[in-house]
Structures are given as C-alpha cells and as structure tokens.
Amino acid sequence: MLRHCPTCGRSSKDVRFIADFCESCVAGRLSGSVPGYADLLSCRGCGRLKTRSGFAKPDASSIAGVIAAQMRGKFSVRVLRVDRDTAIVEFSTAVDDCPVSFTRSIELRRAHETCTDCFRRSSGYYEAVVQLRGDPDSVRRTLTGLTRYVEKNDAFVSKVETLPYGVDAYTSDKLVTAAYLSSRGIKAGRSYTLYGMRHGKRLYRNIYSVRL
Ligand SMILES: [Zn+2]
Ligand SMILES: [Zn+2]
C-alpha cells in the first residue's frame with residue numbers, strides 16, 4: 001500500500017518508512033533531539049582527553065566515546081572529522097528495529113585540567129629508586145633501558161642523580177620498575193622506606209640496589 005509521510009508528504013514509493021514517517025523525517029527529529037555541543041576535558045600538560053576509563057590520546061575514537069557518553073548512550077557515535085571547535089559526527093540508532101543514522105556538526109566546548117600523571121611529573125613524584133652501581137657503560141645502558149621501559153608503560157623517571165659510583169633513578173611506578181628488572185633478569189637488593197599513609201594503608205617506596 002502506498003503511504004505518504006504526514007510531515008513532508010514524501011511517498012513510500014521513493015523513501016523508506018519507519019512506522020508512520022519517512023526515514024528522513026525520523027532522522028531529522030532525532031537529529032533535533034541531540035544537543036549541539038559536547039564538553040571535552042583535556043589535560044593542559046599532556047593534551048590527553050579525559051574519558052570514562054581515564055585519560056586517553058585525543059583521537060576520533062576517544063572523542064566519539066566522550067560524545068556517546070554525553071548522549072547517555074542513546075546513539076552509537078562515529079566521529080568523521082574533528083577540528084578545534086567542531087566535530088562532524090555520525091549518530092546511529094534503531095527505531096522500531098529499523099536502523100537510522102544522521103550526521104551533525106557538534107560544537108566542542110573545551111576545558112582543561114591537569115591529569116594525575118602530569119601533576120606527579122611536575123611535583124617530582126616517585127615510588128621507587130633504582131640505585132645502579134658498577135661499570136659506567138652498563139650503568140648508562142641500564143638507565144636508558146629503564147627510562148624507555150617506564151615511559152612505554154605510562155610511567156616516568158622523575159629524577160636522575162649522578163653519583164661518583166653510579167646513578168640513582170627515581171621512578172613514578174614501583175610495579176613497572178619491578179617488571180623492568182625482572183624482564184631483563186636483573187637481580188636487585190630490595191629495601192623499603194615508609195613515606196606516608198593513604199586510606200589507612202602505609203605507603204612504601206621501593207629501593208632497588210643493582211650491581212652491574
Ligand atoms: Zn517525511
Ligand atoms: Zn597530563
């Protein structure tokens with residue numbers, strides 16, 4: 001049976017219908033229900049974007065995740081293009097089990113804060129000290145390897161102290177530091193210093209003494 005859309009008059013001969021309306025009127029109505037903006041919060045230090053699962057590289061997929069969350073999960077979201085203030089976004093959903101999608105330009109309202117990593121970096125935070133001693137070439141090589149490894153694992157070296165008999169490297173993450181040492185088969189003496197309490201738990205810094 002031939003039908004006509006009550007809103008625009010188009011005929012079911014020319015366009016797909018979803019319930020009583022043509023697809024483009026359904027998409028138009030949904031498009032009007034979407035806020036024309038999204039709030040993006042980025043770290044002023046590293047530029048990463050705040051998402052539900054922490055700070056992430058700001059790309060089409062992380063921005064799509066933030067926009068989808070702000071639309072309360074009513075749409076799946078694909079970011080087609082993004083510049084500083086605007087994103088071109090494709091929204092998809094289903095109405096009466098029929099897939100509907102539309103494309104809209106969304107204003108990006110940007111704000112900034114400092115992520116924990118950048119805060120820690122700027123305040124010289126450390127959880128572990130690796131005391132490298134012995135042959136100067138081996139010390140230098142191991143320091144380079146350690147620095148690369150911790151940075152690859154979202155941690156950092158906050159300070160390196162050069163001493164007459166080696167170096168002390170201060171690292172921001174004791175688990176990552178321990179993983180580096182064990183992955184390279186480096187044997188280390190361990191000791192601990194108490195540096196504070198959090199939520200009633202004692203916090204320790206790990207000190208690793210390595211003879212190379
Ligand atoms: Zn219509
Ligand atoms: Zn940051």
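Predicted model: local features only at pLDDT ≥ 70, side-chain atom pairs only at ≥ 80, totals over all residues.
Which residues do ring pairs link into a cluster?

**Entry 1: the cluster.** I found that Phe75, Phe91 and Phe102 are joined into a cluster by ring pairs. Searching the whole structure, I came away with 6 aromatic pairs. I looked up Phe91 and Phe102 next: their ring centres are 5.3 Å apart and their planes meet at 20°, so I noted the pair as stacked. The cut-off for stacked is under 30 degrees between planes. I then checked where the two sit along the chain. Phe91 belongs to strand S7 (residues 86-95) and Phe102 to strand S8 (residues 98-113), so the pair links distant parts of the chain, 11 residues apart. Buried or exposed, I wondered, are Phe91 and Phe102? Both are buried.

**Entry 2: a tyrosine pair.** I turned to Tyr192 and Tyr204, which make an edge-to-face pair, with 6.4 Å from centre to centre and 80° between the planes. Tyr192 lies in strand S12 (residues 189-198), while Tyr204 lies in strand S13 (residues 201-211). These two are 12 residues apart, and their pair also links distant parts of the chain. I looked up the exposure of Tyr204 too: its relative accessible area is 34%, so I wrote it down as partly exposed.

**Entry 3: charges over rings.** Which residue lies over the face of Tyr37? I found Arg109 there, 3.7 Å from the ring centre.

Methods
Residues numbered from 1 in each chain as written. Chains lettered and ligands numbered in written order. Heavy atoms only, no water. Phe/Tyr/Trp six-rings, centres within 6.5 Å; stacked < 30°, edge-to-face > 60°. Helix = DSSP H or I, 4+ residues; strand = E, 2+ residues; numbered from the N terminus. Buried < 20%, exposed > 50% of the residue type's maximum accessible area, 1.4 Å probe, protein only. Lys NZ or Arg CZ within 6 Å of the ring centre and 35° of its normal.
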